[in-house]
Amino acid sequence: MDLADFREYCLRKPDAIEETPFGPDVLVFKVGGKMFALAALDEVPPTVNLKCDPDLALELRDRYEQVRPGYHMNKKHWNTVDIEGGIPDFELRKMIDHSYQLVIEKLPKPRAKIAARCRRSSVAARRARR
């Protein structure tokens with residue numbers, strides 16, 4: 001997965017938006033005003049930060065050398081991932097999905113509709129791939 005594919009996949013998430021609050025070299029992807037992914041545009045190889053359940057974060061760091069504790073983030077809840085380092089695309093998409101899901105689950109009740117739309121679109125996408 002390259003940076004363009006990563007960006008496109010993040011923006012396909014329901015109600016996802018892209019901002020640059022940290023300057024033009026860092027893309028921030030948000031849902032409901034909360035970050036679920038960041039992409040450093042000036043890093044070689046390209047790296048992204050993704051929110052992650054703490055236990056899964058440790059497991060992913062053990063499984064892939066391209067996954068490290070989140071740079072400039074809470075290292076317990078965020079991973080930095082080299083997206084062009086050989087992790088299969090479907091695994092990267094799972095990491096993005098997981099990060100997005102963690103954020104929408106914590107949104108206030110009125111925003112829970114986003115979660116419902118997300119679940120419906122995920123089920124439809126899985127059926128379409130079959």
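## The cavity

One cavity of 30 Å³ or more is found in this structure, which is a predicted model. The largest cavity has a volume of about 40 Å³.

Which residues line the largest cavity? They are L50, K51, C52, L60, N79, V81 and M95. Strand 4 (47–51) and strand 6 (78–82) are the elements that each give two or more residues to this lining. Sorted by class, the lining residues of the largest cavity come out as five nonpolar, one polar and one charged. If you like to think in terms of probes, rolling one the size of a water molecule over the atoms shows where empty space is left.

## Helix 1 against helix 3

Next, a look at how two helices pack. Helix 1 covers residues 3–11 and helix 3 covers residues 89–105; their axes come within 11 Å and cross at roughly 40 degrees. Is the crossing of helix 1 and helix 3 left-handed or right-handed? The crossing is right-handed.

On the helix 1 side, the contact is made by F6, Y9 and C10, and helix 3 brings R93, I96 and D97 to the contact. By class, this contact of helix 1 with helix 3 has four nonpolar and two charged residues, with no polar ones.

## Backbone points to check

Most residues other than glycine have a negative phi, and most peptide bonds are trans.

Where is P45 found? P45 sits in the loop between strand 3 (34–40) and strand 4. The peptide bond joining V44 and P45 is cis, with omega at about 0 degrees.

The other spot is D15, in the loop between helix 1 and strand 1 (16–19). D15 is not a glycine, yet its phi is positive, at about 65 degrees.

Key:
Residues numbered from 1 in each chain as written. Predicted model: local features only at pLDDT ≥ 70, side-chain atom pairs only at ≥ 80, totals over all residues. Heavy atoms only, no water. 1 Å grid on protein atoms, 1.4 Å probe; cavity = no way out; pocket = protein on both sides within 12 Å on 5 of 7 lines; lining within 4 Å. Points joined across faces, edges and corners; volume = space filled by probe spheres on them. Helix = DSSP H or I, 4+ residues; strand = E, 2+ residues; numbered from the N terminus. Nonpolar A, V, L, I, M, F, W, Y, C, P; charged D, E, K, R; others polar. Axes fitted to C-alpha atoms, helices over the stretch in contact; angles between N-to-C directions. Left-handed = near helix turned anticlockwise from the far one by under 90°. Contact = heavy atoms within 4.5 Å.
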